[in-house]
Amino acid sequence: VFRKPKTFKLRALHGTKKFGVAGRSYQEVLRKGCFHFQLPITGSRLCLYEDGTELTGDYFSSVPDNSELVLLTSGQTWQGYVSDIHHFLHAFHKPQAGLIQAARQLLSGEQAPLRQKLLADLLHTVSENTEAETRAEDPPWFEGLESRFKNKSGYLRYSCESRIRSYLREVSASASTVGAEAQEEYVRIVGLMCRKLRAEQYHSSYFDRGAEADSRLCTPEGWFSCQGPFDVDSCASKHSINPYGNRESRILFSTWNLDHIIEKRRTVIPTLEAAVAERAGREVSWEYFYGLLFTAHNLKLVHIACHKKTSHGLSCDPRRIYRAQTKPKRRQPARKCQ
């Protein structure tokens, strides 16, 4: 028995409510907890919420004040707050309103920053309505968007198209920096690119989960994976996101970048300008530049943390800047009919 009472926060297994309890011994705290939760003392025991360590009479004195405890009855186990995570993960395949409410209650009473983060991430995931597609099926997803957007895929296509259009505007704006003698040809090439983009619907299918597999960057469910920085083959952090899930994911996805491996502003556009100015009778291979500027051949979808803004140090392929000149075939002398 200890002279000074120790204080704890106590909860029952999978309970969402905690209450304060004080006691001078392990037995006193256990007895008060069982009385509060109307549980039998026989077979009941206390353990630390954080890691599941069971308390004993000897260990009781070394437990810090205000520690969080879980009251277990006979047959119950607790492996630490990871047990809460397991409980939520087990229900992810079919999240219910009760589960979401339980997560919110746990989060509202949680003070430890790490557990707050884990609970917030879990709540964020179980609140997703990924399968829904229309505004009627998931009104919160469309909050803040214009009424003309009736389904999620339509808005994500618009989002991708807006990015590609911004690249085209940058290319078009460079016409004013090209010399007068090359400006007409530069404008003609930009016009060809523009017509091709229209035909390809500005590659908006990259963000459309309903598009064909070879023309989208996500799974049929709408999951996007970070492709990693320009100089590596994959994302070491395994970033992923589903903007179709909820409004927060939709907004966060707008911070992901379509990063040009060979840089658009530093390399591709200046090389195109020089190619037009120095063509000397050669024909610029505008399709090669089109691929570098607007397609997944030179674009990587990356999480903002994987977007390296330093110089990539890469250059265009000099062998592909101009079309290969075909040599005229030698005319064979006509054979005399025999």
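I began at Thr-7, which stands opposite Ala-22 in strand 2. I note here that the model is predicted.

**Entry 1: the sheet**

Strand 1 and strand 2 pair in the antiparallel sense, over five bridges. Strand 1 covers residues 6-12, and this strand also pairs with strand 4, in the parallel sense and again over five bridges. Strand 3, residues 45-48, joins strand 4 in the antiparallel sense over four bridges. There I noted Leu-46, with Leu-71 as its bridge partner in strand 4.

In what order do the strands of the open sheet stand? I read 2-1-4-3 for the four strands, with mixed pairing. Strand 2 (19-23) and strand 3 stand at the edges; each has a single partner strand, so one side of each lacks a neighbour in the sheet. From one strand to the next, the twist averages 45°.

I then looked for a helix against the sheet. Helix 1, residues 26-37, lies across strand 1, strand 2, strand 3 and strand 4. I noted its direction against strand 2, which is about 145°.

**Entry 2: strand 4**

**Entry 3: Phe-19**

I went back to strand 2 for Phe-19. Is Phe-19 buried or exposed? I have it as buried, at a relative accessible area of 18%, and the cut-off for buried is under 20%. I listed its contacts, leaving aside neighbours within four places in sequence. They are Phe-8, Lys-9, Leu-10, Lys-32, Gly-33, His-36 and Phe-37. Phe-8, Lys-9 and Leu-10 fall within strand 1 (residues 6-12). Lys-32, Gly-33, His-36 and Phe-37 fall within helix 1 (residues 26-37). I also took the distance to Glu-68: 9.7 Å from C-alpha to C-alpha, across 49 residues of sequence.

**Entry 4: helix 6 on helix 8**

I turned to the helices. Helix 6 (residues 180-199) and helix 8 (residues 264-277) pack at about 130°, with axes 9 Å apart. The two helices are therefore oblique to each other. Helix 6 passes helix 8 in a right-handed crossing. From helix 6 I noted Ala-182, Glu-185, Tyr-186, Ile-189 and Met-193. They meet Ile-269, Leu-272, Glu-273, Val-276 and Ala-277 of helix 8. I sorted the residues of this contact into eight nonpolar, no polar and two charged.

**Entry 5: helix 6 on helix 9**

At what angle do helix 6 and helix 9 pack? I found about 60°, with the axes 10 Å apart; helix 9 covers residues 286-294. That makes helix 6 oblique to helix 9. This crossing is right-handed. Ile-189, Leu-192, Met-193, Lys-196 and Leu-197 of helix 6 meet Trp-286, Phe-289, Tyr-290, Leu-293 and Phe-294 of helix 9. Here I counted nine nonpolar residues, no polar and one charged. Ile-189 and Met-193 take part in both the helix 8 contact and the helix 9 contact.

I then checked burial in helix 9. Eight of its nine residues are buried, so this helix is largely enclosed by the rest of the structure. The buried ones are Trp-286, Tyr-288, Phe-289, Tyr-290, Gly-291, Leu-292, Leu-293 and Phe-294. Their cover includes helix 5 (152-173), helix 6, strand 7 (257-260), helix 8 and strand 8 (299-302).

**Entry 6: positive phi**

Last, I looked at backbone angles. Most residues other than glycine have a negative phi. I noted two residues with a positive value.

Gln-201 has phi near 55°. I placed Gln-201 in the loop between helix 6 and strand 5 (224-225). Its relative accessibility is 47%, so I count Gln-201 as partly exposed.

Ala-280 has a phi of about 45°. I placed Ala-280 in the loop between helix 8 and helix 9. At 73% relative accessibility, Ala-280 counts as exposed.

Terms used. Residues numbered from 1 in each chain as written. Predicted model: local features only at pLDDT ≥ 70, side-chain atom pairs only at ≥ 80, totals over all residues. Heavy atoms only, no water. Axes fitted to C-alpha atoms, helices over the stretch in contact; angles between N-to-C directions. Parallel < 35°, antiparallel > 145°, perpendicular 65-115°, else oblique. Left-handed = near helix turned anticlockwise from the far one by under 90°. Contact = heavy atoms within 4.5 Å. Nonpolar A, V, L, I, M, F, W, Y, C, P; charged D, E, K, R; others polar. Pairing = 2+ DSSP bridges. Buried < 20%, exposed > 50% of the residue type's maximum accessible area, 1.4 Å probe, protein only.
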